[in-house]
Amino acid sequence: MESMGKKKPRPRRSFTPEFKAEIVDLCQHGDRSVGQVAKDFDLTETAVRDWIRQAEVNAGQRDGLTSDEREELARLRRENRRLREDVEVLKRATAFFAKETR
């Protein structure tokens, strides 16, 4: 009874940019719907729709951050987080050494 209505979560998969581009091309220029393409390739409709939306942004057909801009933003956020951690360590070290010299 416990398992009724509950689906086991599917494992997270990663796809190459080439595969995503091929799927987007099938949806935009093929004679099949997004749902049918997703079903044929064992993908979720949401993922396929997200890939189509991102392809439209990258092509300038829709507003939003391009893939390159998203990558740069993620890189800058990681760097910013690391620098904040470095500053915090330096603050603690300064406080420690200031206390030692008194």
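The model described here is predicted. Q54 belongs to helix α3, which comprises residues 45-58.

When residues up to four places away in sequence are set aside, the contacts of Q54 include L65 and T66. S67 and R70 are likewise touched by Q54. Of these partners, S67 and R70 fall within the span of helix α4, residues 67-100.

## Residue A38 in helix α2

A38 is located in helix α2, which covers residues 34-40. The relative accessibility of A38 is 1%, so this residue counts as buried.

Leaving out residues up to four places away in sequence, A38 is in contact with L43, T44, E45 and V48. Among them, E45 and V48 lie within the range of helix α3, residues 45-58. A38 and R53 are separated by 15 residues in sequence, and their C-alpha atoms are 15 Å apart in space.

## Acidic surface patch and residue E71

The surface carries a patch of negative charge, in which D68, E69, E71 and E72 gather. One of these residues, E71, is part of helix α4, which runs over residues 67-100.

E71 has a relative accessible area of 56% and is therefore exposed, as the term applies over 50%.

Notes
Residues are numbered from 1 along each chain as its sequence is written. This is a predicted model: local features need pLDDT of at least 70, side-chain atom pairs count only at pLDDT 80 or more; totals for chains, interfaces and linings use all residues. Side-chain values use heavy atoms; hydrogens and water are left out. Patches are made of residues with over 30% relative accessible area and no salt bridge: like charges are joined within 9 Å, nonpolar side chains (Val, Leu, Ile, Met, Phe, Trp, Tyr) within 5 Å. Accessible areas come from the Shrake-Rupley method with a 1.4 Å probe; for residues, only the protein chains shown count as cover. A salt bridge is a side-chain nitrogen of Lys or Arg within 4 Å of a carboxyl oxygen of Asp or Glu. Lys and Arg count as positive and Asp and Glu as negative; His and the chain ends are not counted. The place of a charge is taken as NZ of Lys, CZ of Arg, CG of Asp or CD of Glu. Helices (H or I, at least four residues) and strands (E, at least two) are DSSP runs, numbered from the N terminus. Buried means under 20% relative accessible area, exposed over 50%, partly exposed in between (1.4 Å probe, protein chains only). Contact means heavy atoms within 4.5 Å.
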